[in-house]
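Welcome! Take a moment to look over the sequence and the structure, and then we will walk through a few of the helices together.

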Amino acid sequence: MGPYGTRASKVEYDRLIAEWLAGDRQPLLSADANDGQTVAELLARYWQFARRHYRKAGKPTNSIHEIRAALRPLRHLYGHTRAAEFGPRALKTVRGQLVDGGLCRAHVNKRIGIIRRVFKWGVAEELVPPSVLHALQSVAGLQKGRTEAPDHEPVGPVDDAVVDATIPCLTPVVDDMVRFQRLTGCRPEEVCLIRPCDLDRSREVWEYRPEHHKTEHHDRKRIILIGPQAQETLTPYLLRPTDAYCFSPSESDRKRKAIMRANRKTRVQPSQIDRSKPNAKRRPGDHYTTKTYRGAIHRAVELANRQRRKDGMEDILPKWSPNRLRHTAATAIRKRFGLEAAQVVLGHSKADITQVYAERDIDLARRVIAQVG
């Protein structure tokens, strides 16, 4: 760094420390050392970055699980290969491994995109030569009908008849969650996290602004409009602390047990009055997650189908998930009011839309929700 105590040595020292901090305190490698590092070493450094980057509300997002699954075959096949020597042929080999694993075409393309993203990050950190990323970008995605990877049916709306047949088997809280989501077209995670403090009830059409949402990292605002029917569904859940979640699994469990007790035909024995385990490892949480919300619906579908088989009915309900309710709402609004109205209500506007256009859209959405919500 130069002669001890000189200004030049101190400037060089400050530069090295700044690079070390910017690189998340990872060892500083020379250009020659970078050329010699393996794919496994690159993945280890990227994983440290990903665990910090893919977080929302202080918790890891689902992207972390997808990244781990995408990088596992890459590390298994080419962990000891020099990152600078990883090329298109190797990427195609990893892709073939994913296809052989039974993944659908869209999922394979998504995971290959994640691998490219790792090398793009490596280029930005000067860990991988830019020529490596340029070569990997030449590998085109799998095309429909030209690969052995299967194509799954795209997610579409769920028929109202299927939802109506499932509702009797839902708990009262999940029943209201389904009704609310079907009326507003919000995402499953948005109905799970609604709180009284997130609502603006100063207008005829209420506005729900989630504290966290899917596109907040793009600096996008999210406003969910709540019409009269959805307001009626939500109102009983607003009599609670403003920062408490409206739809609570613990509350749902209490209501479920109360209904079971009311329907009992025999007297409740003293030993059955309170059978909760004080030291249970798993207790109902204060709010639903997308996983528990989806699981509650799946269990209701299974219960409804068992009853249908018992009654001798051949019409079995298909398993459906709450994300399809958003598609159902979009389809209904589009049929009645057009494509633009559906895009506005569901928050599908593009990032480059002007503020004037956004104001016009929100007024249109209010008129739509006032009639259908």
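## A pair of helices

In this predicted model, helix α3 (residues 39-53) and α4 have axes that come within 10 Å and cross at roughly 170°. Angles over 145 degrees count as roughly antiparallel, so α3 and α4 are roughly antiparallel to each other.

Which residues make the contact? From α3 come Val39, Leu43, Tyr46, Trp47, Ala50 and Arg51. On the α4 side they are Ile64, Ile67, Arg68, Leu71, Leu74, Arg75 and Tyr78. Sorted by class, the contact of α3 with α4 has 10 nonpolar and 3 charged residues, with no polar ones.

## Helix α5 and its neighbours

Next, have a look at α5, which covers residues 88-100. This helix has 13 residues and reaches 18 Å from its first C-alpha to its last, close to the 18 Å expected at 1.5 Å a residue. After α5 comes Gly102, with a positive phi near 90°.

Where do the buried residues of α5 pack? Ala90, Leu91, Val94, Arg95, Leu98 and Val99 are buried in α5. The buried residues of this helix pack against α4 (63-78), and also against α6 (105-124) and α7 (130-136).

## The whole chain

Stepping back, the protein chain has 16 helices and 5 strands. Of its 373 residues, 38% are buried. Among contacts with a separation of 6 or more, 65% are accounted for by residues 24 or more positions apart.

The accessible surface of the protein chain comes to about 23100 Å². Carbon and sulfur atoms hold 51% of that surface.

Conventions: Residues numbered from 1 in each chain as written. Predicted model: local features only at pLDDT ≥ 70, side-chain atom pairs only at ≥ 80, totals over all residues. Heavy atoms only, no water. Helix = DSSP H or I, 4+ residues; strand = E, 2+ residues; numbered from the N terminus. Expected span 1.5 Å × (residues − 1). Buried < 20%, exposed > 50% of the residue type's maximum accessible area, 1.4 Å probe, protein only. Contact = heavy atoms within 4.5 Å. Areas by Shrake-Rupley, 256 points an atom, 1.4 Å probe, with all protein chains shown as cover. Axes fitted to C-alpha atoms, helices over the stretch in contact; angles between N-to-C directions. Parallel < 35°, antiparallel > 145°, perpendicular 65-115°, else oblique. Nonpolar A, V, L, I, M, F, W, Y, C, P; charged D, E, K, R; others polar.
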